[in-house]
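Please consult the sequence and the model alongside the numbered points.

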Amino acid sequence: MENTTASPAMPAEETGAAPDFRVKMKTRNVNVHYAEKHALRDVSLDIGEREVTALIGPSGCGKSTFLRCLNRMNDTIDICRVTGVLELDGQDIYDAGVDVVQLRASIGMVFQKPNPFPKSIFDNVAYGPRVHGLFSNKSDLEEVVVQSLRKAGLFDEVKDRLGDPGTSLSGGQQQRLCIARAIAVGPEVILMDEPCSSLDPIATARIEELIDELRQNFTIVIVTHSMQQAARVSQKTAFFHLGDLIEQGETPQIFTNPRHEKTQGYITGRFG
Amino acid sequence: MTEMARSVLISGQKERVRRGLDRRLRSERRFRLYGVVAILLAILMLLFLAGTIVSKGYPAFYRTWIEVDVLLDEEMIAPDGKTDPETLREDGDFRGALIESLVAAYRPEGRQQENQLIAMFSTDAERTLQNFTIANPDRIGSTISIRVKAASDIDQLTKGAISRNAPESGRKVTDLQLRWYDRMEKEGRIGTRFNAGFFATGDSREPEQAGIWGAIVGSFLTMLVTLILAFPVGLAAAVYLEEFAPKNRLTDLIEVNINNLAAVPSIVFGLLGLAVFLNFFELPRSAPLVGGMVLALMTLPTIIISGRASLLAVPPSVREAALGLGASRMQVVSHHVLPLAMPGILTGTIIGMARALGETAPLLMIGMVAFIVDIPGGPTDASTVMPVQIYLWADSPERGFVEKTSGAVIVLLVFLVVMNASAVYLRKKFERRW
Ligand SMILES: Nc1ncnc2c1ncn2[C@@H]1O[C@H](COP(=O)(O)OP(=O)(O)O)[C@@H](O)[C@H]1O
Ligand SMILES: [Mg+2]
């Protein structure tokens, strides 16, 4: 029932938000420890469906850690311990009955550094569908690959060389290839960890445009160190500082009228 | 004033930098010189090593023959008149026929001289004669001209390893034998040819008949057993330790122990093999099976360590990418990590195998040092291996074994070079960029 109404932990303004606002992922009192280090403290954040939520904050504040909790990528780190409630569509994703493989099929991830497999462009995109057995014959698979490349805005640039290695593309193209690869599995949520930090401004602009288009079909959580980027692409923004979620809200409000002085300090560049 | 002071300062600084630069350049040049000298020295050593081995060993690859005219006397070879291969092999006195013809041609006086004459020929000569006769039974009764193997000492004489000038008592060839030799040479009855037998026969007490083939087959079988045991186990251990095992005290302990095992002297593995495989499990002695098992134990740590290093070298971003798409850990490993790490793993394996191929000490402990003439037919037959064969020959007093030893070293080195080259080739072929 908390899917349709904003949670009590949300700020008052949020409860009265747009009527079609629906919570896709809900987190409550999330704490993360790396061995002795307390990396995230009591983070409670709602992620709205089909909108872009930006996570900002100085480096080391736990943005990536939080993002990686959302698809349980932290499971692969032995010393990492996650507690608290994390739900996808009201379903606890840390529940013992949840299969991480299936979870990650519905929550895709794009990393900071473009990391295509050392395989052909086609095989890169086809990998997810192959692993999950999402197609019944070869032409189905080709269709999925082409559609994913189209959605990632890459198809026209690579349609004549799908057999070339994915690593032969430019940095921006590689990152869009990684997005296409994530889309091909048919996820509902896409997590992006500073997807533009290694790209030039033109490639960055293309990715930002793409994120805006993808918002039609996907829920997106993006970590960024660029406040301009957060302002341009996101609808909601959450500001982290030293493992605490300091402030969250509508992006315009955070940037024009932050309530917390730390947020104010960060977005005006006084620290970061 | 201040302007001037500053310019003086700057020029002084420049001067200092310039002087410092000279010094830096000089030391760089000196360092490069050291490097070049070191490399030249290494190349020189290598050439010296290769030079000695090849110059000592190449005579092993050819041998001396002597052409003799032999009357295939029916009385001796086929006394019953039967000339089928079976009877010829069983009853034919080819040695007698050979001696009869030799005596007729060279006329030794008395038993002692006769023995000297016969000693110039390899004991293999009568077999050559026998084989010829079996192949051409119609020639029985006529005199044939046939090339037979010379005895090892005559072979050494041809190759210049025995000096004519030494006093008779100090050399293996007598004056009388020398006279016969000179006569044969004048008649054009002595020559050399490629020693195919060296690559086709097993060990022998007679240097001119000893070959490396038995040891090559033994080495091959041993390596096969080693590879079959060590590669899958080593690979699985490396993958498990690197990709799946939790990082805790136990795995740390295991890691330390594997590193220690890699440094254990090989003879200790031999003792282990002796105690466990031979004495406890009562597996056959001198067998490639046991040798392979011992060498597998010795090679395992190398494979595990190099395997882990190659797995570690695969960038984590590849694992994350696959995990993020929902691949299971097993799929991440088998689809992405292993293919990328394979060149390194294979290189480590081949280098470990090359080390095992050259290993002697542990094999001595399990009895692979026995004198074995037969070519092994399977991994449980008694056999020897190349380095042990070298060890055995190097230990033999006969002159003829000196060249055999170096010849076998050449063969072993060729195998090692081929293995290392294939490691480089595999690495180049399967290496992929990421
Ligand atoms: N694998 C890890 N092991 C130990 N500590 C980690 C690990 N990953 C992150 N941390 C620590 O957690 C804190 C938050 O890191 P991170 O989430 O990467 O920050 P951000 O992405 O905001 O820069 C940092 O202090 C970092 O040192
Ligand atoms: Mg980060």
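Which are the residues around ligand 1?

1. The residues around ligand 1 are A:Tyr34, A:Lys37, A:Ala39, A:Gly57, A:Ser59, A:Gly60, A:Cys61, A:Gly62, A:Lys63, A:Ser64, A:Thr65 and A:Ile77; a residue is near a molecule if its C-beta atom, placed from the backbone, lies within 6 Å of it.

2. This is a predicted model, in which local features need pLDDT of at least 70 and side-chain atom pairs count only at pLDDT 80 or more, while totals for chains, interfaces and linings use all residues. Residues are numbered from 1 along each chain as its sequence is written, and chains are lettered from A and ligands numbered from 1 in the order in which they are written.

3. Two elements of chain A, strand E2 (37-48) and helix H2 (63-70), each supply at least two residues of the shell around ligand 1. Helices (H or I, at least four residues) and strands (E, at least two) are DSSP runs, numbered from the N terminus. The most is given by H2(A), with three residues. By class, the shell has four nonpolar, six polar and two charged residues (Ala, Val, Leu, Ile, Met, Phe, Trp, Tyr, Cys and Pro count as nonpolar, Asp, Glu, Lys and Arg as charged, and the others, Gly among them, as polar).

4. A:Tyr34, one of the residues around ligand 1, stands opposite A:Cys80 in E4(A). Strand E1 (residues 23-34) and strand E4 (residues 80-88) of chain A run antiparallel and are joined by eight bridges; strands pair if DSSP finds at least two bridges between them.

5. E4(A) is also joined by two bridges to strand E5 (residues 91-92) of chain A, again antiparallel, with A:Leu88 opposite A:Gln91. The two strands form a hairpin with two residues between them, and A:Asp89 in the turn has a positive phi of about 50°.

6. In H5(A), A:Val144, A:Val145, A:Ser148, A:Leu149 and A:Lys151 meet A:Ala180, A:Ile183 and A:Ala184 in H7(A) (contact: C-beta atoms, placed from the backbone, within 7 Å). The residues of this contact divide into six nonpolar, one polar and one charged.

7. Between the chains, the contact takes 18 residues from chain B and 21 residues from chain A. On the side of chain B that touches chain A, helix H13 (316-324) and helix H14 (329-357) of chain B are the elements that give two or more residues. H13(B) gives the most, with six residues. The residues of this side divide into eight nonpolar, six polar and four charged.

Methods:
Two residues are in contact if their C-beta atoms, placed from the backbone, lie within 7 Å.
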